[in-house]
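Thank you all for making the time this morning.

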There are 2 protein chains.
Amino acid sequence: MAKGLIIIGDGMAGRGVPELNGRTTLEVSKTPNMDRMAKEGICGIADPISPGVRPGSDTAHLAILGYDPYKYYTGRGPFEAIGAGLEVKPGDVAFRMNFATIDRNGIVVDRRAGRIQESDGTAELAGLINGIEIDGVRVYCRQSTAHRGAVVLRGEGLSPEISDTDPHREGMPVMKSKPLSEGAEKTAEVVNKLTEVIAEMFSRSPVNESRKNEGKNPANIALLRGAGAAPHVELFEKKYGIKGSAVVEVGLIKGIARYLGLELLEAPAATGGMDTSPTSMAETTIRALSTYDFVITNMKAPDLGGHDGDFEMKIKAIEMVDEMVGFIIGGLSKVEDDVHIIVSADHATPTTYMDHTGDFVPLIVWGPNVVSDSVSNYSERACMGGGICRIRFADYLPILFNLMGISEKFGA
Amino acid sequence: MAKGLIIIGDGMAGRGVPELNGRTTLEVSKTPNMDRMAKEGICGIADPISPGVRPGSDTAHLAILGYDPYKYYTGRGPFEAIGAGLEVKPGDVAFRMNFATIDRNGIVVDRRAGRIQESDGTAELAGLINGIEIDGVRVYCRQSTAHRGAVVLRGEGLSPEISDTDPHREGMPVMKSKPLSEGAEKTAEVVNKLTEVIAEMFSRSPVNESRKNEGKNPANIALLRGAGAAPHVELFEKKYGIKGSAVVEVGLIKGIARYLGLELLEAPAATGGMDTSPTSMAETTIRALSTYDFVITNMKAPDLGGHDGDFEMKIKAIEMVDEMVGFIIGGLSKVEDDVHIIVSADHATPTTYMDHTGDFVPLIVWGPNVVSDSVSNYSERACMGGGICRIRFADYLPILFNLMGISEKFGA
């Protein structure tokens with residue numbers, strides 16, 4: 001059977017960089033493999049949601065996978081929690097969590113607790129509140145990457161319509177969660193009680209004892225944000241009739257992939273950072289293509305350079321994506337079937353903005369059934385003139401499945 | 001008054017053909033008339049429904065005529081039946097039908113009954129069951145092109161939610177129709193009883209006696225498929241305030257046109273095959289433009305080459321479409337008013353796929369009020385760079401009516 005692959009360079013698109021004479025990092029990067037694909041395929045630009053709308057990584061990936069984020073996205077919490085390895089069931093309310101530092105007056109002085117790492121004991125801290133019960137609501141907690149974690153509340157009558165305890169900047173006190181709609185009072189109360197329990201238990205933890213001895217900021221609080229209720233979704237295989245898998249690095253995207261029923265395949269040397277391995281990710285992708293009809297592969301690195309405002313780092317990361325693309329193309333001979341590929345960013349993360357923007361992203365559609373255009377470079381500007389013109393992420397899978405020859409005909 | 005014309009080369013769009021060095025049949029065909037229109041007009045690409053979605057001829061034409069197929073399409077049966085000349089009323093359930101051959105064990109051995117033709121007596125066979133009544137349900141039956149026909153059931157409480165009796169391949173028995181939802185039991189039962197009546201009456205027909213004597217497969221069964229309920233539509237003239245007509249060749253498109261209230265004009269030498277007459281279709285189109293505000297003309301031939309996987313046949317057919325276009329342009333002086341024209345395919349039927357695909361199609365918008373672009377050829381690739389960029393069939397009539405100067409202003 002024909003195979004389909006979507007390769008995402010996370011946050012790979014951008015804007016003109018003054019130090020690069022107004023060129024974008026994609027334009028400056030050396031990307032011979034993506035350029036070759038652009039030349040052989042058909043190019044264009046795509047809006048993650050619709051023109052100008054700023055997507056998260058989560059809403060962007062929901063859209064790419066054909067799940068309307070306006071319908072299925074109710075907050076980042078559930079997907080982050082699943083990505084962290086927590087079970088999330090319909091009816092649960094889930095949160096993203098930061099390990100953070102407060103002073104004796106309850107003012108947040110460090111939202112990342114001295115950039116605490118999992119090796120510093122975040123699992124031990126999360127374990128302190130995992131499984132406790134407050135007012136009949138069960139609390140689950142788990143660490144994820146670095147200073148991050150997730151909390152899931154399970155019980156009767158919970159609502160995601162509550163405000164964050166995270167003040168979102170330092171120098172402010174931990175916020176009281178407030179109900180944002182009727183019926184959310186109980187959930188806000190549970191969250192506020194939970195925050196007190198966290199403060200008490202974390203402050204007594206040996207993890208923080210040793211951090212203080214080392215002169216590091218203690219993780220003496222956890223800040224909750226992004227409350228969301230787990231949506232009801234039709235699983236990927238049921239929805240499309242094919243088996244899909246994901247080769248992705250970070251918890252949030254893993255969470256989305258798993259929640260939609262994609263099989264998560266771990267590339268052994270993938271790290272989610274600048275030290276990730278393009279070869280390892282490419283090899284795992286090729287292996288996935290031999291078993292699954294559809295694969296989505298996401299390399300996180302370009303997004304990091306974007307968020308850090310570091311164009312040199314972003315260029316290096318884009319060239320790592322290109323290296324991965326080259327290994328994938330080179331390995332396609334190991335896949336017995338025709339493979340059609342879409343190369344895209346999930347959103348722009350311009351180094352000049354240091355966060356996601358609602359800009360369009362350039363895309364390539366490549367494979368034996370594609371009628372090629374005259375674009376021969378992969379960048380925001382080069383793809384503007386492409387044969388695809390302008391589409392949306394919601395169009396990606398219909399286009400891919402049509403080229404793969406697995407679409408149902410609507411009509412006769 | 002200004003006039004509008006849509007010229008459809010059925011299935012005319014395609015993909016790269018290996019034997020043509022990756023060029024498409026449209027790129028290779030000699031189409032001086034469409035190229036001239038491309039040069040004088042504005043070009044672009046269009047998605048029949050939305051990017052990647054594979055349309056039928058029926059859903060594509062509903063979309064072209066401004067009727068959302070997701071709203072109005074409930075199965076091919078009703079349009080096929082109307083095209084065959086049967087009356088279809090709201091509430092009726094209609095089917096497409098094949099005259100076919102079963103052996104003595106009821107196994108379908110030829111789904112086309114030796115490619116039986118109307119001249120072989122399909123009208124006589126259809127007449128055997130036309131007008132009969134089963135369990136209070138009136139049955140109407142009529143032959144259409146070649147081995148095809150249509151059946152309409154009229155009565156209380158009918159449902160289109162039933163399975164086909166057509167096994168869709170040879171070597172299988174005639175299927176029992178099954179209800180696919182609650183309330184469809186009666187309809188399935190009527191269809192199964194009808195199938196028994198058909199088997200009995202057809203086997204005794206003199207038509208089949210003579211076929212057996214000639215060593216041809218008898219039409220001793222009729223296989224039903226594509227059950228659909230007739231949708232409620234606002235007729236074309238009511239919806240748009242102008243009178244429309246259609247110069248189309250095949251039953252299905254005729255059925256759609258008539259159902260929507262377009263006047264069917266028969267081109268005397270049109271056949272729906274490779275032996276059709278471009279001049280006859282062009283002359284009928286010119287005549288139609290003198291009387292009607294809007295005309296849609298569809299030549300079937302390119303689709304045939306696509307379905308047959310025969311690129312030489314498809315090239316010849318595309319050149320026949322171009323010949324027709326040339327005659328139409330040449331005859332416009334006979335029309336007293338300005339004429340704006342859209343040239344398009346209704347979908348791609350690549351010879352490499354031998355069925356409709358969800359690929360985009362190239363289009364030309366031509367006429368005195370058009371601001372032209374720099375495209376000077378009509379093909380998938382040439383039109384990629386066109387001034388229209390990328391639109392959908394649902395946009396065709398609004399664009400045409402705007403150029404004709406007959407659109408209502410939305411606002412003041």
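This is a predicted model: local features need pLDDT of at least 70, side-chain atom pairs count only at pLDDT 80 or more; totals for chains, interfaces and linings use all residues.

Residues are numbered from 1 along each chain as its sequence is written, and chains are lettered from A and ligands numbered from 1 in the order in which they are written.

With that in place, please look at strand 3 of chain A, which is joined by six bridges to strand 7 (residues 148-154) of chain A, the two running antiparallel; here A:Phe95 stands opposite A:Val151. Strand 3 of chain A also pairs in the antiparallel sense with strand 8 (residues 221-229) of chain A, over seven bridges, and in that pairing A:Met97 faces A:Leu224. A further antiparallel partner is strand 4 (residues 108-110) of chain A, with two bridges, where A:Ile102 has A:Val108 as its bridge partner. Strands 3 and 4 of chain A form a hairpin with five residues between them, and A:Gly106 in the turn has a positive phi of about 80°.

How many residues of strand 3 of chain A are buried? I call a residue buried if 20 or more other C-beta atoms lie within 10 Å of its own, exposed if 12 or fewer, and partly exposed in between, with C-beta atoms placed from the backbone. By that criterion 10 of the 10 residues of strand 3 (residues 93-102) of chain A are buried, so this strand is largely enclosed by the rest of the structure. In a regular strand the side chains alternate between the two faces of the sheet. In strand 3 of chain A both faces are covered, with A:Val93, A:Phe95 and A:Met97 among the buried residues on one side and A:Ala94, A:Arg96 and A:Asn98 among those on the other.

Stepping back, chain A has 15 helices and 15 strands. Its C-alpha trace spans about 65 × 55 × 35 Å along the principal axes of chain A, and buried residues make up 56% of its 412 residues.

How values were computed: Helices (H or I, at least four residues) and strands (E, at least two) are DSSP runs, numbered from the N terminus. Two strands pair if DSSP finds at least two bridges between them.
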